[in-house]
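Me: Hi! I have a structure open and would like to talk it through with you. Could you help me find my way around?

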Amino acid sequence: MDFIVERSEQIVTKGRDSRELAGGRPSIPGSVSQRACVFCGSRVVLYPIADALHIVHGPIGCASYTWDIRGAMSSGPELHRNSFSTDLREKHVVFGGEKKLLQTLDELIDKYKPEAAFVYSTCIVGVIGDDVESVCRQMTARKGIPVIPVQSEGFQGTKKDGYKIACDAIATLIGTDDSKEVSPYSINILGDFNLAGELWILQEYYRRMGVQVVASITGDGRIKDIRNAHRASLNVVQCSGSMLHLAKWMKEQFGIPFIKVSYFGIEDMSDALYEVAKQLTSDSIVSNNATGNQQSTTDSIALSNTIGASLFDRATALVRDELTRLLPALEPYKRALEGKKAAIYVGGAFKAISLVKALRLIGVKTVIAGTQTGNSEDYKLLEQICDDGCILVDDSNPVELSEFVKQTGANLFIGGVKERPIAYKLGIGFCDHNHERKLALAGYEGMLNFAKEVYETINSPVWAFVKRKI
């Protein structure tokens, strides 16, 4: 297949090409990239904050396109699932839309009594020049709640740029409240969006360890928790593509260390629990906690030893119990799937890395591994765990992906909503690992769900009636 020449450095076959894959580059014009716009990126990050008002300042199509974009579940309020829009028309393009935005905010805040409001700028707002920040300041003073502008005009860049803008919006809330009771051994979970209840699984794991989750940013998110997030001892970053910017800012602003983890697959889930226990009992965190509690040096050392042993013991017991149950349950799926081949194309690199490991555990070989937002360092890690012959690709497009699947003879495609048609047109199975799925895939429960889904998809009777185009 002849590829666009400029993309040659973003496609590498392990074991054949000696060059390193260059990730994180802007999309090449004409490649019909699978990436989304800045507005979309900001929406997917902020949308799961369930007790906030989310208002799209722009044409109705922008709000319609991103309605329920994360499918994020809430344990309480579901205000986030309403996709409000100022519905800008031609007359607003000519005369401006600030008055319409003021009226919309005034009406909706009075009606729904949210804890905060996010106002998303769209492309047309950037063109006509509405002063969204000024409107938000007026409404903050008038209503007594944070009304936060999200400068997310889509033409500024890609989905990844939208992540950063969303993090900047969240940052305006952090550190504005100190009312929540917080344990010295506490974390914030950054970058889990609770698509199918995964957050609740993770919270239960940490509860069993004796670790408090102060805030989830942003899955099942609450404004008060986010405002108190600066008091946690550690930030645990699940989706580094969307939340690393915020984690770095919190480290600079509040001195909170962070770690990057993945909750997909047995190996990464276990490593995440052990790493949290390790970090929470490190000398620096224990010393800071002891100082805050005005304990002596001797007391802080004793506290470190006691809590450290407790956290590690509980983490070890948790992992042991879960693996004792899970590994025998996975064995039948591994026998049935041995030798099958999978293509992976997802948003973040850490997710791709975890998927390669999880597939290998159930006997499936990864023959294509690609992401929308990975950087060069991410692809180095991905290449290390892939087998020779695996095609690594950054920021691919439907034509490329289709040809790669044909070349490798993949039995299964794992991706998001935009990759589903590619798989079905080629006559192979598809597993949704993106925003719209309703099956929890994180944690130990998630690994068993994943194995079942892969097995049922590949072995579905429907393929006997479909002409495979590979």
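Me: What kind of unit do E13, helix H17 and E14 make?
Reply: Together, E13, helix H17 (residues 420-426) and E14 make a right-handed β-α-β unit. Right-handed here means that, with the strands pointing away from the viewer, the path from the first strand over the helix to the second runs clockwise. Helices (H or I, at least four residues) and strands (E, at least two) are DSSP runs, numbered from the N terminus. Keep in mind that this is a predicted model: local features need pLDDT of at least 70, side-chain atom pairs count only at pLDDT 80 or more, and totals for chains, interfaces and linings use all residues. Residues are numbered from 1 along each chain as its sequence is written, and side-chain values use heavy atoms, with hydrogens and water left out.

Me: How many bridges join E13 to E14?
Reply: Four bridges join strand E13 (residues 412-415) to E14, and the two run parallel. Two strands count as paired if DSSP finds at least two bridges between them. For a spot to look at, Gly 415 has Asp 432 in E14 as its bridge partner.

Me: And which residues of E14 are buried on each side?
Reply: In strand E14 (residues 429-432), Gly 429 and Cys 431 are buried on one side, and Phe 430 and Asp 432 are buried on the other. Buried means under 20% relative accessible area, exposed over 50%, and partly exposed in between (1.4 Å probe, protein chains only). In a regular strand, side chains alternate between the two faces of the sheet.

Me: While we're in that part, where is Ala 410?
Reply: Ala 410 is in the loop between helix H16 (398-408) and E13. With 0% relative accessibility, Ala 410 counts as buried. Ser 310 is 100 residues from Ala 410 along the chain, and their C-alpha atoms are separated by 45 Å.

Me: Let's switch to sheets. In what order do E7, E6, E8 and E9 come?
Reply: The order is E7-E6-E8-E9, an open sheet of four strands with parallel pairing. Strand E7 (212-217) and strand E9 (258-260) stand at the edges with a single partner strand each, so one side of each has no neighbour in the sheet. Neighbouring strands of this sheet are turned by 25 degrees against each other on average, direction ignored. For that angle, axes are lines fitted to C-alpha atoms (for helices over the stretch in contact), and angles run from 0 to 180 degrees between N-to-C directions.

Me: What joins E8 to E9?
Reply: Three bridges join strand E8 (residues 234-237) to E9, and these strands run parallel. Asn 235 stands opposite Phe 258 in E9.

Me: What about Asp 110, which residue does it form a salt bridge with?
Reply: Asp 110 forms one with Lys 143, the closest N and O atoms being 2.8 Å apart. This pair links distant parts of the chain: Asp 110 is in helix H4 (residues 98-112) and Lys 143 in helix H6 (residues 132-143), 33 residues apart. Asp 110 is partly exposed at 40% relative accessibility, and Lys 143 is partly exposed at 22%.

Conventions: A salt bridge is a side-chain nitrogen of Lys or Arg within 4 Å of a carboxyl oxygen of Asp or Glu.
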